[in-house]
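Work through the exercises below with the model open. Try each task before reading its solution.

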Amino acid sequence: MFASSLERVRRRVQRLRYEQRCARQPNLLTRHPGTIVTTLYDVEGDWARPGMNRTEADTVARILEIEQRCSIRSTYNVVAGFAAWAPDVVEAIRGAGNEIASHSYDHSILTRLRRAEIAENVRKAKRAFARLGIDVAGHRSPQSAWDERVLDALVDEGYAWSAEDGAEPYPYRIRTGRKELWRFAVAIDDWAYEAERLTPAAMVERWQRTVRAARGRAKHVAIGFHAWVEAGRGRLAALEDFFHWLAAQKDVTVLPFGDVLERTAHPAASAMKAADG
Ligand SMILES: [Zn+2]
């Protein structure tokens, strides 16, 4: 109990510190019209809940169909152990034009590990994806539990971005130097389904409110989902409602983190690429 309230305080302090760090850096997306929304999934199967691999795989397949109907591409943060169990699922995600990133090797809560164990975890994840022919650039921590040692490990292993819970209004460099690490803040996810027993209609309302609040205030906002949470009754229909609404917003562009990073870190290059068609 005491340990968990200490952890909450540590997280709050860390969060404030990094909001300040973001505020001190320029917003490199100012020339992008409107707001960019990233939709992301944490794909974990048995590694978060034993016995969920099959549900995870089946639900991801249904989500891919929904995304295709709404012309939405997302970032899928996959636990490397799940990816090794279901390489066909990873291939289907990728084949639909989405980005694959890492959600750790085995869904360990990284902040509870020793420094050497953290380094080994993110290294093993990167290698597991490399065996599937994927060079992952991004990472999201299980339970969004991260600290300086996690950032050190990510930089050492050549990750380009990390996405964690936060309210920063645009991507920024969380580590600078020869090897840069970019941070994307995740504003909200679908956990309220579990924690607050929210109805699908109320959940959609909350996601829409997040996007509306971002307008004018934020250049980038990220919204997270879990396939196994979305598998609950009525939730996939709600997800589709939300995605249709999102796709219809004229001032909103939906992009995976990797695409946002390209526009942020290399704006000239991505403009040239756009001009080339
Ligand atoms: Zn997770």
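**Exercise 1. How do the axes of helix α5 and helix α6 cross, and which residues make the contact?**

Step 1. Locate the helices. Helix α5 covers residues 115-131 and helix α6 covers residues 148-156. Helices (H or I, at least four residues) and strands (E, at least two) are DSSP runs, numbered from the N terminus. This is a predicted model: local features need pLDDT of at least 70, side-chain atom pairs count only at pLDDT 80 or more, and totals for chains, interfaces and linings use all residues. Residues are numbered from 1 along each chain as its sequence is written.

Step 2. Take the axes. They come within 9 Å and cross at roughly 40°. Axes are lines fitted to C-alpha atoms, for helices over the stretch in contact, and angles run from 0 to 180 degrees between N-to-C directions.

Step 3. Classify the angle. It makes α5 oblique to α6. (Under 35 degrees counts as roughly parallel, over 145 as roughly antiparallel, 65 to 115 as roughly perpendicular, the rest as oblique.)

Step 4. List the contact. α5 supplies Arg 115, Ile 118, Ala 119 and Val 122; α6 supplies Arg 149, Val 150, Ala 153, Leu 154 and Asp 156. (Contact: C-beta atoms, placed from the backbone, lie within 7 Å.)

Step 5. Sort by class. The contact of α5 with α6 has 6 nonpolar, no polar and 3 charged residues. (Ala, Val, Leu, Ile, Met, Phe, Trp, Tyr, Cys and Pro count as nonpolar; Asp, Glu, Lys and Arg as charged; the others, Gly among them, as polar.)

**Exercise 2. Are α2 and α4 roughly parallel or roughly perpendicular to each other?**

Step 1. Take the axes of α2 and helix α4 (residues 87-95). They come within 10 Å and cross at roughly 10°.

Step 2. Classify. α2 and α4 are therefore roughly parallel to each other.

Step 3. Find the contact. From α2 come Ala 57, Val 60, Ala 61 and Leu 64; from α4 come Val 89, Ala 92 and Ile 93.

Step 4. Sort by class. The contact of α2 with α4 holds 7 nonpolar, no polar and no charged residues.

**Exercise 3. Which residues of helix α11 are buried?**

Step 1. The buried ones are Phe 257, Val 260, Leu 261, Arg 263 and Thr 264. (Buried: 20 or more other C-beta atoms within 10 Å of its own; exposed: 12 or fewer; partly exposed: in between; C-beta atoms are placed from the backbone.)

**Exercise 4. What is the phi of Ser 71, and what is that of Arg 197?**

Step 1. Read Ser 71. Its phi is near 50°, positive in a residue other than glycine. Ser 71 sits in the loop between α2 (53-70) and β2 (75-78). Ser 71 counts as exposed because it has 10 C-beta neighbours inside 10 Å.

Step 2. Read Arg 197. Its phi is also positive, about 50°, although Arg 197 is not a glycine. The loop between α7 (192-195) and α8 (200-214) holds Arg 197. With 8 other C-beta atoms within 10 Å, Arg 197 is exposed.

**Exercise 5. How far apart in space are Gly 158 and Ala 128?**

Step 1. Gly 158 has 14 C-beta neighbours inside 10 Å, so it counts as partly exposed.

Step 2. Take the distance. Gly 158 and Ala 128 are 15 Å apart, C-alpha to C-alpha, and 30 residues apart in sequence.

Terms used. Contact = placed C-beta atoms within 7 Å.
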